[in-house]
Each structure stands twice: as structure tokens, then as C-alpha cells.
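This briefing goes through one protein model, from its overall form to single residues. Please keep the sequence and the structure in view while reading.

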Amino acid sequence: TFVLNTTPPQPPVITSQITTPTKTPNQTISGTKPADTSIIINGIERVSLNSSTSWSYTYPLAERSNNISVTARDAAGNDSAPATTSITLDTTPPSFVINTYKNPSPTPTQTLTGTKEPGCIVKLNNATIFDSTDINSTWSYTLTLMQGITNHFVFTAADALGNTITKTVDILYDVSAPAALG
């Protein structure tokens, strides 16, 4: 006799700790499943049919939101209801812009302005000038310049995941009179 099996297996369970957002492009997803099933992730068999009741797969994430649907499939081709999760991959540095400034500078101080990602940490020459509690999208900071040299400043902005962007500013402070022609 021929027995037609149309009963789907029980759904798999995702038991791994899901970190989102993340800047790690490959995430290991694992869990439990019925014995004698395969694991289908987003429509593709990722773990072959086997007798184990546990599974694991390292999933390659795309930048931004990744919706993940995991089903168990039995030998008859019946799919379970899905277990779902979403993981956001963020490897993009925060926005950080320095507006136009005066170079050379005729004064011993110059206030720089610009825009930044709210909540990012901004450092100037490795010293924090804006911390993660600063949720403003605009910024200004007054620099003190040394006379007669080109002053070099390194700004680094970092988001909560550690993605960074670096910008440099060189400003000459010079109030000496030009040499006489002659």
C-alpha cells in the first residue's frame, strides 16, 4: 500500500542569541528541529535532512535589514510553519561633515561647525568632544590655534557599533605682515 504523508513537521526553534543591529557580516543561527528533517532558510535548503534534533548555519547578512524565515522539511517534502527573526547589518560609518572654515586664520581661535549622526561619539585628537548622549545633528567647536604654524586636527566620529569616519583639518594661524617688496 501507498501512504501519502501530508502532515508538516513541527516548526524549528531558533535558540541562538540574535544580536541586532550588528556589524558582523556572518551570523551563526542555531536551534532545534524535529528529527529526520532538513532546515530551509529563506527558501533554500541550508542543512541537509538528518536525524539530529539540533541545527546550526552561518548566515551571510546583507547591509541593512535581513528578514530570516526558517522552516523544517521532512523526507516527504512537507514544510513546517516558519520560525522568523530579523537581523540588521550596519557597517556604514556615521555621518560627519565639517563645514567650510577659514585657512589661513587671522585670529587665534576658530569655531568649526558641521553635521553629525545624532548619538555618535566625536573625538578631536583622541579626546572626546561629543559623547553618545549628544543627540544633536549639528555641532560646533572652537579650536585654539598656535601662531606661525599649520595646526593639525583629527576628528573621529564613531557610532554605537564602532563604525568610524575620520576627517582632518589643517589651519595656519598667521598674523605676520608680509615681507616688504623691494
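Two residues are in contact when heavy atoms of theirs lie within 4.5 Å. In this predicted model, residues 24 or more positions apart account for 57% of the contacts with a separation of 6 or more. The protein has 14 strands and 0 helices. The points below are grouped by topic.

**Overall form**

- Along the sequence, the pattern is β-β-β-β-β-β-β-β-β-β-β-β-β-β.
- The C-alpha trace spans about 115 × 35 × 20 Å along its principal axes.
- The radius of gyration is 28 Å, whereas a compact globule of 182 residues would have one near 16 Å.
- Of the 182 residues, 33% are buried.

**Nonpolar cores**

- The largest nonpolar core has 17 residues, and Leu-112, Val-122, Leu-143 and Phe-155 touch the most other members.
- At least two residues of this core come from each of strand 8 (96-98), strand 10 (121-124), strand 11 (127-130), strand 12 (138-144), strand 13 (150-158) and strand 14 (164-172).
- Strand 13 contributes the most to this core, namely 3 residues.
- Another core lies apart from this one; it has 12 residues, including Val-47, Tyr-57, Leu-61 and Ile-87.

**Asp-74, a buried charged residue**

- Asp-74 belongs to strand 6, which covers residues 64-74.
- Asp-74 is buried and has no salt bridge. The nearest side chain of opposite charge belongs to Arg-73, 7.1 Å away. A salt bridge needs a side-chain nitrogen within 4 Å of a carboxyl oxygen.
- A polar atom of the Asp-74 side chain lies 3.0 Å from the backbone nitrogen of Ala-76.
- Beyond its neighbours within four places in sequence, Asp-74 is in contact with Asn-5, Thr-7, Pro-9, Asp-36, Thr-37 and Leu-49.

- Asn-5 sits in the segment before strand 1 (13-14).
- Is Asn-5 buried, exposed or partly exposed? Its relative accessible area is 37%, so Asn-5 is partly exposed.
- The side chain of Asn-5 reaches the backbone nitrogen of Thr-7 at 3.0 Å.
- With neighbours within four places in sequence left aside, Asn-5 is in contact with Asp-74, Ala-76 and Asn-78.
- Asn-5 and Ala-76 are 71 residues apart along the chain, but their C-alpha atoms are separated by 6.5 Å.

**Ser-16, in a loop**

- Ser-16 lies in the loop between strand 1 and strand 2 (26-32).
- Why does Ser-16 count as buried? The relative accessible area of Ser-16 is 16%, and buried means under 20%.
- The side chain of Ser-16 reaches the backbone nitrogen of Ser-30 at 3.1 Å.
- Ser-30 is also one of the residues in contact with Ser-16, along with Thr-28 and Ile-29, when neighbours within four places in sequence are left aside.

**Pro-60, in a strand**

- Pro-60 is part of strand 5, residues 54-60.
- Pro-60 counts as partly exposed because its relative accessibility is 47%, and residues count as exposed only over 50%.
- Which residues does Pro-60 touch, not counting those up to four places away in sequence? They are Pro-25 and Asn-26.
- Asn-26 and Pro-60 are 34 residues apart in sequence, with 4.5 Å between their C-alpha atoms.

Notes
Residues numbered from 1 in each chain as written. Predicted model: local features only at pLDDT ≥ 70, side-chain atom pairs only at ≥ 80, totals over all residues. Heavy atoms only, no water. Core = buried A, V, L, I, M, F, W, Y, C linked by side-chain atoms within 4.5 Å. Buried < 20%, exposed > 50% of the residue type's maximum accessible area, 1.4 Å probe, protein only. Helix = DSSP H or I, 4+ residues; strand = E, 2+ residues; numbered from the N terminus. Lys, Arg positive; Asp, Glu negative; His and termini not counted. Polar contact = N/O pair within 3.5 Å; in protein donor to acceptor, adjacent residues only side chain to side chain. Rg over C-alpha atoms; globule rule 2.2 N^0.38 Å.
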